[in-house]
Amino acid sequence: MDVSQHKGKELTILLPDPKGVTRKCLDRIVSGEAATKENPLYANLYKEPLRPAYHFSSRRGWLNDPNGLVYKDGVFHMFYQHNPLGTPHGSVNICWGQAVSADLLHWEEKDDAIRPWRRDWSIASGSAVVDYEDRAGYGKDAIIAAFTVLGTQNTDPAKPGYPSGGQFLAASMDDGATFYRFSHEATVPTQNGKGWRDPRLFRYEDHYVMAVYETDEKGRNCVSFYVSEDFHDWRRTSRSDDLYECPDIFPLQIEGEEETKWVLYGADGMARIGDFDGYHFVESGRYNPLDYGNATYAGQTWSHHPEGKRVHISWVRGMGGVGEDLGYEGMPFSQCMSIPAEIFLKRFEDGLRVCRSSVDQVDSLLGAVASEGDFALQGETALPMHNPAHYSVSLSAIQGTVSIRAGEHRMRFDSATRTLSFENGHTALFHGEELHFEVLADTTTMEFCFQDSSMATYAMAPEHMSLILKGECQVRYTCHIMENIWE
């Protein structure tokens, strides 16, 4: 528990039921000082057995949705859902954790940025932008954050979920170190108490837009759009149906073409392609997943990228893709983020596809070669497993179907149709007769990055990690050990 604001004062611990609490138990409560590697109390900090080596994880406590992704003055800011006082989510103590990076790979965790000011509230997901024109009145270049306040989870089975307290906005004039709420009341009061959350702020020409997840009058999931010129007064303009939690929306120029389209998706990462006029989104094409695996959720992209890119990061859910604290038992932290990845819009034979590929900076973490090979595959072969590691694999002269297995997860490539099929039923069409992919293996995650910018993420315990190829083809691979970002 962070009690730094009370340094030098006497701390009184109140026990509702002191029976069974011994003096020995109380003596175990110590002043831990700062959680740094120099402190002998934290000798294993960032060296814990299940600590990811190059994916972001919080120093202590639970982590989930990335929030408030914003770039400002050479720094990438990442806020995220954080329970600093325990490794389960628990529906309590949820605040905005904070980390900063200059390269999207090496992170420095800061103090929690936005904390609940009522014991029955949690600070849920949201977003942030830089107010370059001082539209909100808190100073030029202030960071403006929007977030939902959620009440305690309903225990009445007839009213499941978390009641929404509305959308709050806050401003930071010191690059995210301190946020001041616009008001003690919600800037946009609740419209729907059952499901109305996760505001996504972005600029469109001369006004700002807030995309908010909600449920309609029949309880169906959708996203509604609100607009404002000053961040204070918001009016609802439209609704797009069939979208659940954590919306994100942005324009992308089609690769190799002059045309620009808009991409809209929710927490499940099913990206829709369409057009947006600042008030309404109109879908104009099919949709596809940003990730073909089963472990990512609630991904968001950075606002104000210095090169105009759209860089994305997701929460990687446990080991096996489900469960609160699944697989991290015994650790002082739980969950991690995906590797940052750039989003593209590409045209394929079957139409436009929203694609995702790990950022180029990942190559800077490549260490020594751990193993490599060039051989004819006949039947089934397991590549030597290293962790943490980066694999570069090419399959050529493919006869029929080749399967790729990561632990219990399987992908199949059909050389006749050039189609890669995933276990969740999704497929992706590829150019060329060869199949090239990279694998980012890191303690509890395996992320596959295929040649046409398709990615698939899986989570599993380290002892279950494997990379197995089955079929008939020529295999060429190189495996590098990955450097540890915390060192």
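**View 1. Burial across the predicted protein chain.** Of the 487 residues in the protein chain, 54% are buried, where buried means under 20% relative accessible area, judged with a 1.4 Å probe and protein chains only. This is a predicted model, in which local features need pLDDT of at least 70 and side-chain atom pairs count only at pLDDT 80 or more, while totals for chains, interfaces and linings use all residues. Residues are numbered from 1 along each chain as its sequence is written, and side-chain values use heavy atoms, leaving out hydrogens and water.

**View 2. The fold as a whole.** Here you can trace one helix and 31 strands; these are DSSP runs, numbered from the N terminus, with H or I over at least four residues for helices and E over at least two for strands. The radius of gyration is 23 Å, close to the 23 Å from the globule rule for 487 residues, so the protein chain is as compact as a globular protein of that length. That radius is taken over C-alpha atoms, and the rule is 2.2 Å times the number of residues to the power 0.38. Along the principal axes, the C-alpha atoms fill a box of roughly 70 × 60 × 50 Å.

**View 3. The largest pocket.** About 1,900 Å³ of space lies in this pocket. M1, D2, V3, S4 and L85 are the closest to its centre among the 43 lining residues. A pocket is an open set of points on a 1 Å grid over the protein atoms alone, where a 1.4 Å probe fits, with protein on both sides within 12 Å along at least five of seven lines; lining residues have an atom within 4 Å of a point. Points are joined across faces, edges and corners, and a volume is the space filled by probe spheres set on them. Strand β4 (residues 107–114) gives the largest share of the lining, four residues.

**View 4. W107 and its neighbours.** W107 sits in strand β4 and is buried, with a relative accessible area of 8%. Leaving aside residues up to four places away in sequence, W107 touches F56, F76, M78, A99, V100, S101, W302 and W486; contact means heavy atoms within 4.5 Å.

**View 5. The largest cavity.** About 30 Å³ of space lies in this cavity, a set of grid points where the probe fits but cannot get out. Its lining is P66, S125, G126, D198, C246, P247 and Q300.

Note on methods:
Buried means under 20% relative accessible area, exposed over 50%, partly exposed in between (1.4 Å probe, protein chains only).
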